[in-house]
Amino acid sequence: MSNYPAFEVKIDNNDGSETLLPLQTVKVYDVTHSTPLSDLASDANGLVAAGSLAVDAGTTIRFSFSRTDGICGYAEILTT
């Protein structure tokens, strides 16, 4: 098991501000081993709580989302 930190799901509004995205499905992908993992979800405030995954520490994980209006994004981390 290894851990990932809490994070916000948000978009850049191209005006210096950001909007948090509540209740979004967040896809989780183990980049190191080319394996999809179980989805997460942002809460009503657009936050995903810290948690753990059944991967080795130092694994590259990609968190991504895509909305029906075409807005999408991702971030990659190394687990600890």
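**Figure 1. The largest nonpolar core of the predicted model comprises 12 residues: Tyr4, Val9, Ile11, Leu21, Val26, Val28, Val48, Leu53, Val55, Ile61, Phe63 and Phe65.** A nonpolar core is a set of buried Ala, Val, Leu, Ile, Met, Phe, Trp, Tyr and Cys residues joined through side-chain atoms within 4.5 Å; buried denotes under 20% relative accessible area, exposed over 50%, and partly exposed in between (1.4 Å probe, protein chains only). Strand 5 (25-30) and strand 9 each supply at least two residues of this core, and strand 9 gives the most, with 3 residues. Strands (E, at least two residues) are DSSP runs numbered from the N terminus. Valine 48, leaving aside neighbours within four places in sequence, is in contact (heavy atoms within 4.5 Å) with Tyr4, Ala6, Phe7, Val9, Val26, Leu40, Ala41 and Ser42. The model is predicted: local features need pLDDT of at least 70, side-chain atom pairs count only at pLDDT 80 or more, and totals for chains, interfaces and linings use all residues. Residues are numbered from 1 along each chain as its sequence is written, and side-chain values use heavy atoms, with hydrogens and water left out.

**Figure 2. Strand 9 and strand 10 form a hairpin.** Strand 9 (residues 60-66) and strand 10 (residues 72-78) run antiparallel and are joined by 7 bridges; strands pair if DSSP finds at least two bridges between them. Phenylalanine 65 stands opposite glycine 73 in strand 10. Between the two strands lie 5 residues, and glycine 70 in the turn has a positive phi of about 95°.

**Figure 3. The largest pocket has a volume of about 210 Å³.** A pocket is an open set of points on a 1 Å grid over the protein atoms alone, where a 1.4 Å probe fits, with protein on both sides within 12 Å along at least five of seven lines; lining residues have an atom within 4 Å of a point. Grid points are joined across faces, edges and corners, and the volume is the space filled by probe spheres set on the points. Of the 13 lining residues, Phe7, Glu8, Phe63, Tyr74 and Ala75 lie nearest the centre of the pocket. Strand 10 gives the most to the lining, with 4 residues.

**Figure 4. Leucine 23 and serine 34 have positive phi values although neither is a glycine.** Leucine 23, in the loop between strand 4 (18-20) and strand 5, has a phi of about 55° and is exposed, with a relative accessible area of 65%. Serine 34, in the loop between strand 5 and strand 6, has a phi of about 50° and is exposed at 53% relative accessibility.
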